Structures are given as structure tokens and as C-alpha cells.
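This briefing covers helix packing, aromatic pairs and backbone details in one structure. Please read it alongside the sequence and the coordinates shown below.

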Amino acid sequence: MNKTSYSLEFGGKPLTIEVGKFAQAANGTCTVRYGNTVVLATAVLSKEVRAGLDFFPLMVDFEEKLYAAGRIKGSRFIKREGRPTDEAVLTARFIDRAIRPLFDQRIKNDVQVILSVLAFDSQNDADIPGLIAAACALHMSDIPWNGPIAVARVNRVEDKFILNGTYAERELAKFDVDVAGTSDKVIMLEAGCDEAPEEQILDAIAYGRNNLAPVIALIEQVRADHGKAKLDLITPKTEDDKLKAEKRLQIEAVLKPFALKQIDELFFGAPRATKSERVEAKSELKARAAEFMKSQGVEDDSIKLGLSMLSGFLDDAITSSILDNNRRVDGRGINETRALNGEVALLPCVHGSGYFTRGETQVLSVCTLGAPGDKQTLDGMELVGERRFMHHYNFPPFSVGEAKPLRGAGRREIGHGALAEKALAYMIPDQETFPYAMRVVSETFMSNGSSSMASTCAASLALMDAGVPIKAAVAGIAMGLASDGKRYQVITDIQDLEDGTGGMDFKITGSKNGITAIQLDTKTDGLPHDVVVEAITKSREARLQVLEVMSKAIAEPRAELSPNAPRILKLRINPDKIREVIGPGGKMINEIIAKTGVSGIDIEDDGLVLITAVGAEAGKAAFDWISNLTREVQVGEAFTGEVVRLMDFGAFVNILPGKDGLVHVSEMAPWRVEQVTDIVKVGDKVQVKVIEIDDKGRTNLSMKQAEGNVYTEDMKSKAQKPGGPSSYKPNSKPTGPRHH
């Protein structure tokens, strides 16, 4: 087949898939161009099975290339791309979550999908073409994968849906809703919303899903022309493999009836309300199963194989219990949340803290307020600029009772932190209203399901405790699913054992007014629309329950900031005066900071000056200094100034920082003055009045027209010549200089 390029219009822009040119050593490869953004996808299957694995080893990497955006890394010393940015990690997870459910989880060969951005047009996000490219590369390859799927982003601008909006359009939109799946089912959802009503989000999901068919058809055409026959990685090939498979079936036939009976007794005989009780029940199940297999003559090397089957039996039993009897392991109702609790102001010294528990999941969030200069600098392929609000999530091993080395944040931590940040992003006040940089850190102290949603709740509490005027409190809930492939049952507030095969983790956050974020992962081949509708609808009721508990801890943001937090004073100046505040080489601004003791001074291009100070006096001193440095002098104003320079024709007096005016010799005293030095010397403090701003912007001052200067007879006798004017009355207020 000679055809190598396939195109269609998708969301009003050309989408082109090209094959047969790059990376032919991969099992499957293609490039997808959307607008002028180009992504190369490669899918590779290892030839060897990784022995001893109990999971499917899929790796998805998203490679941002700065050359794609015509940029060189900003670091002075390191120009090569380094560790992936958070945005690259999040995009890799975005693609992973969509393609992973369509693999047979019994595969133990490594599969790696790499998305490399070759060109980025700054208009079209690379995540949409990246996921389409991954789906096409996998579908046309010989790697077993139950695709294809496609993805669409839906934005709502001026009450109209837009498909795959540009960055400019997304800035105007009320929400981003990303929908991956087929025309019939949803596999993955991602959304960030400005308190969008549930009905609008459901309409957006349906709109996005209904626009996937043409892209899926295009991928099918590519496979028809260039696809490889799929490998069979499951059916035993060798005699040894066949013997192992036969032995597995024999053990399963012996063990499963016994195991299901024990599961019913251990897990459903009485509610297992706590995680420790369920862990204990699992240990007892393993012990009983091992003893049973020994009694049945199962060889020692096969007992381990039998024990590895128990988690699958337990998943099946939990699913059947929910579908058949509406019965959950911990005894809760299908739509019942676990016990909830919220607290604030737990810690001294910090700027704000919030503590939230749901069942045995515990999260403490701490809010720190900083100067505008504390904003995060973004230097990626896609995101360049600054971020004012940051949320970071930590998941130490003790939270699940494990002992492991502490490492830096992994993909899971980055993903959970970003989800809570997205949930709160639309609630954060703008910089004009609240100019602080804000960082919230959520510490997971105990985890038993949905710690990311607990982080959202705790972070919301911490922000309000710190006095951040967020638009509304935000809570999150994780909805689950029990499914046998034909029947479905949506469940509220899932935990540990309920997130197994055939399930879903449907996280939905929002305020009392609407949804702020969505993240859906599923372990099925996709969810029918009615399941999505039920999950989103039921989540609102649960979310309102959580918000009610949070409101008892703190109903609204505190009116005053914590005394531990810095204060920021705002001042708006003429942008033309910015250079006067900064000074040559930063000399003036550094002098203001050093002499007043403020933490920092940040100046925006539009003339907004933000002064950060821990003490009120320091902040006021810097505020007054900059005000005087930049304000326009008016005729008639009076000042106390310092004589800084003498000339034959008069004296220059500093009246404001960086602002001098001239007192002409004729305006020095109420008589004729011959010598400037007869009246003033450098360093004198004198009272002056502005009498003129000339056409060149120069300021002319008068001492004799100002109140408060004190003259002596000695000064008059020195300055006045015979026959000169003699009218003179000393001022009664001795506030000016005296010369003797």
C-alpha cells in the first residue's frame, strides 16, 4: 500500500496521521499533526516475559522537546532537557490512563509507549494529538490491544461548545472537559471547571464522545492499510507453558470453591469496618488457603501459585456481593460516605492549616503565603511564565504502614497534587485582589482510599484558615463501580478493596454551586453514558455532605491574615516612573529594601507595585518612599527639603526621593540676596513652596513664599546692600535653619 498520509477535519482544524517514515524499528509508529503541532508515537513490546510479575508492565513517557517550540532552555549552564516537567508527567499519565484498560492485564512483557513532541505551534496542546498518536501506533502494531479509541477536548465559550479549543479560546472558556473512549463508551475523563453545573458537564461529555467516531474510523483505515497481525501472548506455546497453564486450572478448580466460602465468612460474616480488620482477614484467608491446599496434596511449589489467585477471587466476591445484595465489605450502604471530620488552625507559626479525615484517610494541609516574587517560574515547552498558586501532595510510606526509602515526588504524587490544584484553581482570587503567592502542601498521614480528594478538602480548609479570599469552599468525592461486564452498580466513596477489576475511580470535586474538576480512571473497557450520568449525579449529594462538615470547621475565609503571614501593600504608579523606582542597575530599589527592611518589592509592567513586609512600619516606610519617588509635584505644594547643591544663581533642594527643585536667589529671602551662601549651606533643612513647573518639567521653588523659615538680623545684614529693600518681619515659628 503506497498511501502513507491520512487526514480529516477535527474541530475545525486539519488532523493528519502519517506512517512509514520514522522509527521503523518500533512495533508500531506514526506521527500525528494537529494544526502545526506534531507528535511522534512509538510503541514497543519486549521480546521476553518478566518472570514473577503480578501486574502488567506498561510504561508511557511524554517527551517535551524545547526545539519543538523554538526555545533554548533558560538555564545558563544546562541547555539539555532535564527531568520531565510536571506538565510532561501529567500528560503521560493522561495518555496512560486512557490506553491501559484496553490491554490484557495478564501480559507480562514490557510495553513502552513514547510520545515525542517534534513541533509545537503554541496554539494546539500536544496532549490531544499525543493520545490519538498513541492509539494509532498501538492499533496498527502487533501488540495485543483492544482499541482503537480517540479523544476530544470540549470547551464552553459564550454558551457554545468548542471542540479542541486553542489556548486563547480556553482562556475564555468556563471549563475544559477531555473525553477519551469510543462513540459508545467513556474510558477516561479529565476536567477543570469554574463551578460548572452537572448538566453542562454531562452535555459536554456527550458532545465530546459523539465527535470521536471520525477519528476512530481514520485510525481503523491506517490499520487496514498498514496494520500487523496481533501477537498472541496469552495462549501457551511450549509444552512447558501448556503444563503450567493446565496446573493453574487444576489448582483453581480445587481452590476457588473453598476460597469463596472462606471469603464469605471472613469478609461478610460481619462488617470489616477498618483497614486493619480487612488486612487481618486477608492474612487469615491466605493461611486457611495454604493449609487447605496442603490437605489436598498440592505440591509446595504450586501453593504459591494458588495464593496468587486469592486477590482475584476476592475481587469477584466483592463485586458479586454489591451487584447481588447491595452489600459492601465495611457494612456501608451503596451511597453512604465514611465518617467525616474537618479542623483548622492546628499548628502554630504557619499561615494556615486544615485537617480532613474520611474514614481512615487523614490529610493535613498547610498554606504558606509569600511575596509575588515567590511565584514558580515555568520553563517548559508548553508552559512558560509564572504560577501564583501551587499545591503539592506527599504520600510517605508510613501512611500505608510500610517501610520504604524516601524519594522525591513520583508520578502519582505529582498527579494527585495537580488534581487538587486544578480543583481549587478557579476559586483563587486574582492578583489585583490578593497579590500573594500561595503554596499549599498536603501531607497524607494515613491512606485508605481517595487521599487526593481528602487533599482537596484539607487544602480548601487551609486556604480559608490563612485568610485567602477564595470564591467558595471545594470538596471532593471518589465514586466507584462494581461490574461484571454486563451489570453495573455505582458506589459512593470507595476504599481499598473496592477499587479492583471491573471498577472505576471517578473523582469529582466542586463547590455547592458546581463542579471544579473531574478525573476518571476505569478498569473496564469503557463506561456507558448512563453510568457516567449516575456517578456525577450521585456525587453531588455526597459532595454537599462533605461541604457541610467542612463548614462546621470554618464557614468562610478569615477576615484577617494570620499574624505570622507577611503583609503586602499595593501601590499603582505611572509605568513611566518604574525606572526611577528601580534605578540604574537596581540601585534605588535595593536601597529602599535595605534601608526600610521590607522582604521584597515587586513591580508589574502596568505600574502595580507590591511591597511585602513582615512589620507594618517597614512596609509603610517603603510605601511612602516609593509614593514620594514617583508622584507628580503640584504648584502650590509645600515641602521640607534638604539643600543638596549651591550655584551662583540659587540652591537646589531635594523635596522628594530623586526629585530636586531650584530656589532662585531672588526667592530665598524677603529681601535682595547677593550671595546664596549668606542664606543657606549644603545640608540645611528648609521650607519651600512649589511656584512653577516650567515647560521642560523643571521644578522652581520659593523659600520666601513658604511658611516656617526663620531668618536672623545677621543674615539680613550680610545679604542686604545699602539702598536695598528693607521690609522684613521674622517668622514666629522657628522650624527652619538658624545661622549665627
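**Helix packing and local features**

Helix 11 and helix 12 run roughly parallel to each other, since their packing angle of about 30° falls under the 35 degrees used as the limit for that term. The model is predicted.

**Helix 11 and helix 12**

- Helix 11 spans residues 451-465 and helix 12 spans residues 529-553, and their axes are 11 Å apart.
- The crossing of helix 11 past helix 12 is right-handed.
- On the helix 11 side the contact is formed by Cys-457, Ser-460 and Leu-461, and on the helix 12 side by Val-546, Met-550 and Ala-553.
- Sorted by class, this contact between helix 11 and helix 12 holds five nonpolar residues, one polar residue and no charged residues.

**Helix 14 and helix 15**

- Helix 14 (residues 587-596) and helix 15 (residues 616-630) cross at roughly 150°, and their axes come within 9 Å.
- Helix 14 is therefore roughly antiparallel to helix 15, as the term applies to angles over 145 degrees.
- Helix 14 passes helix 15 in a crossing that is right-handed.
- Helix 14 contributes Met-588, Glu-591, Ile-592, Lys-595 and Thr-596, which meet Ala-618, Ala-621, Ala-622, Trp-625, Ile-626 and Leu-629 of helix 15.
- By class, the contact of helix 14 with helix 15 counts eight nonpolar, one polar and two charged residues.

**Aromatic rings**

- With ring centres within 6.5 Å as the criterion, the count is 11 aromatic pairs.
- One of the pairs is Phe-56 with Phe-103, whose ring centres are 4.8 Å apart; their planes are at 35°, so the pair is classed as tilted.
- Phe-56 sits in the loop between strand 4 (37-49) and strand 5 (58-63), while Phe-103 sits in the loop between helix 1 (86-99) and strand 6 (109-119).
- The pair therefore ties together parts that are 47 residues apart in sequence.
- Both Phe-56 and Phe-103 are buried.
- Ring pairs also bring in Trp-145, giving a cluster of Phe-56, Phe-103 and Trp-145.

- Thr-4 belongs to the segment before strand 1 (5-10).
- The relative accessible area of Thr-4 is 38%, so Thr-4 is partly exposed.
- Apart from neighbours within four places in sequence, Thr-4 is in contact with Ile-17, Glu-18, Val-19 and His-226.
- Thr-4 and Ile-17 are separated by 13 residues in sequence and by 8.1 Å in space, C-alpha to C-alpha.

**Backbone details**

- The peptide bond between Gly-147 and Pro-148 is cis, with omega about 5°.
- Pro-148 lies in the loop between helix 2 (127-140) and strand 7 (150-157).
- Ala-23 is not a glycine, yet its phi is positive, near 55°.
- Ala-23 is placed in the loop between strand 2 (13-18) and strand 3 (28-34), and its relative accessibility of 36% makes it partly exposed.
- Ser-450 likewise has a positive phi, about 65°, without being a glycine.
- Ser-450 is in the loop between strand 17 (437-446) and helix 11.
- The relative accessible area of Ser-450 is 12%, so Ser-450 is buried.

Methods: Residues are numbered from 1 along each chain as its sequence is written. This is a predicted model: local features need pLDDT of at least 70, side-chain atom pairs count only at pLDDT 80 or more; totals for chains, interfaces and linings use all residues. Side-chain values use heavy atoms; hydrogens and water are left out. Axes are lines fitted to C-alpha atoms, for helices over the stretch in contact, and angles run from 0 to 180 degrees between N-to-C directions. Helices (H or I, at least four residues) and strands (E, at least two) are DSSP runs, numbered from the N terminus. Angles under 35 degrees count as roughly parallel, over 145 as roughly antiparallel, 65 to 115 as roughly perpendicular and the rest as oblique. A crossing is left-handed if the near helix is turned anticlockwise from the far one by less than a right angle, and right-handed if clockwise. Contact means heavy atoms within 4.5 Å. Ala, Val, Leu, Ile, Met, Phe, Trp, Tyr, Cys and Pro count as nonpolar, Asp, Glu, Lys and Arg as charged, and the others, Gly among them, as polar. Rings of Phe, Tyr and Trp (its six-membered ring) pair if their centres lie within 6.5 Å; planes under 30 degrees apart count as stacked, over 60 as edge-to-face and the rest as tilted. Buried means under 20% relative accessible area, exposed over 50%, partly exposed in between (1.4 Å probe, protein chains only).
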